[in-house]
Amino acid sequence: MNKVLNFERFNRVSNKREKVGYCALYDEADRAVLNFYGDICMYDYSGYGGEYANDKCPQQVADFFNQIEPDKPVELHFNSGGGDVFAGIAIANIIKAHAGETVGYVDGIAASIASVILCACDRVVIRTGAQVMIHDPMTGCWGNASDFAAVIEQLNIAKDCILELYSTKMSDKVDREALANLMTAETWLTSQNIAEVFSFEVENAEPMVACASTFYDRYTRLPPGVNADTAKDAKKDKILADLYLYGTKQINF
């Protein structure tokens, strides 16, 4: 079973659906392969029909695992800037439930919720030149003080859930509190310093897929070598559309 799932999001500025990446599912003779190359799918608009009918990434990933042997090895390759928290946690738990060995490879970037999905794998391999980014969940909100207090509570709960998954791959050089502080600081990790935070393997290989510059305009801090001015200009045009992508769902009261 070979299948490519297109990831889409609803742009609240242009009021249109946008393709933001894809997940390729391959069922080979000796292993199955999933490539997360793009944003993690967020809302399920299937009930609306039409263009929203296929926007079911977690369900489709679950269907994929249900159609392969329960003990079959699975490779997961990442070049993703993140996506929806709840979709990502659902995918992570689907991966954790698979009986066969799962190995995650960071080919370019695994940021935000993509890094959480990564930690669901039995083994994680960071390719030379690849990056992992962790940060606190974010969202957009409007309303009164009680509304904002409720959203803050939801964000704190989301962070605790993310920390539970991160802790399964946490290096013995950090504890949960230190990891939580690194999330708040929005921390970028490479093959050079990943061992300070996570117990990932580092592959001695040539740099793989370059990280798309469009990922960077969604974050507060940028990794070394990225032009901050260019990213800042792009962020001005996209921040309203992208805020909800990297945290809990946008909440309107």
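**Rings, core and cavity**

Student: Why does F198 count as buried?

Tutor: The relative accessibility of F198 is 1%, and buried means under 20%, so F198 counts as buried. Keep in mind that this is a predicted model.

Student: How many aromatic pairs does the structure hold?

Tutor: There are 3 of them. Let's start with F36 and F78, whose ring centres are 5.5 Å apart, with 15 degrees between the planes.

Student: Why is the pair of F36 and F78 called stacked?

Tutor: Two cut-offs decide this. The 5.5 Å between centres falls within the 6.5 Å limit for a pair, and the 15 degrees between the planes is under the 30 degrees that defines stacking. Therefore F36 and F78 are a stacked pair.

Student: What makes this pair a tie between parts apart in sequence?

Tutor: F36 sits in strand β3 (residues 32-38), while F78 belongs to strand β4 (residues 74-80), so their pairing ties together parts 42 residues apart in sequence. As for burial, F36 has 0% relative accessibility and counts as buried; F78, also at 0%, counts as buried too.

Student: Why is the pair of Y166 and F198 called tilted?

Tutor: Here the centres are 5.5 Å apart and the planes make 55 degrees. Stacked needs under 30 degrees and edge-to-face needs over 60.

Student: Which parts of the chain does the pair of Y166 and F198 tie together?

Tutor: Y166 is in helix α4 (residues 145-167) and F198 is in the loop between β9 (187-190) and β10 (201-203), so the linked parts are 32 residues apart in sequence. Y166 has a relative accessible area of 1%, which makes this residue buried.

Student: Which residues touch the most other members of the largest nonpolar core?

Tutor: They are F65, Y166 and F198, in a core of 49 residues. Helix α2 (residues 85-97) gives the largest share of this core, 7 residues. Leaving out residues up to four places away in sequence, F65 touches L34, V74, I94, I95 and H98.

Student: How do you know that L165 is buried?

Tutor: L165 has a relative accessible area of 8%, which is under the 20% cut-off, so L165 is buried. This residue of helix α4 lies 46 residues from C119 in sequence, yet their C-alpha atoms are 6.3 Å apart in space. C119 is also one of the residues L165 touches, along with I89, A92, K96 and V116, again setting aside those up to four places away in sequence.

Student: What did the cavity search find?

Tutor: Across the whole structure, 1 cavity of 30 Å³ or more turned up, and the largest cavity has a volume of about 60 Å³. Its lining has 11 residues, with S112, I113, H135, P137 and I162 nearest the centre. Elements giving two or more residues to that lining are α3 (113-118) and α4.

Student: How is the lining of the largest cavity divided by class?

Tutor: The lining comprises 8 nonpolar, 2 polar and 1 charged residues.

Student: What share of the chain is buried?

Tutor: Buried residues make up 51% of the 253 residues, in a chain with 6 helices and 11 strands. Among contacts with a separation of 6 or more, 69% are between residues 24 or more positions apart.

Terms used. Residues numbered from 1 in each chain as written. Predicted model: local features only at pLDDT ≥ 70, side-chain atom pairs only at ≥ 80, totals over all residues. Heavy atoms only, no water. Phe/Tyr/Trp six-rings, centres within 6.5 Å; stacked < 30°, edge-to-face > 60°. Helix = DSSP H or I, 4+ residues; strand = E, 2+ residues; numbered from the N terminus. Buried < 20%, exposed > 50% of the residue type's maximum accessible area, 1.4 Å probe, protein only. 1 Å grid on protein atoms, 1.4 Å probe; cavity = no way out; pocket = protein on both sides within 12 Å on 5 of 7 lines; lining within 4 Å. Points joined across faces, edges and corners; volume = space filled by probe spheres on them. Nonpolar A, V, L, I, M, F, W, Y, C, P; charged D, E, K, R; others polar. Core = buried A, V, L, I, M, F, W, Y, C linked by side-chain atoms within 4.5 Å. Contact = heavy atoms within 4.5 Å.
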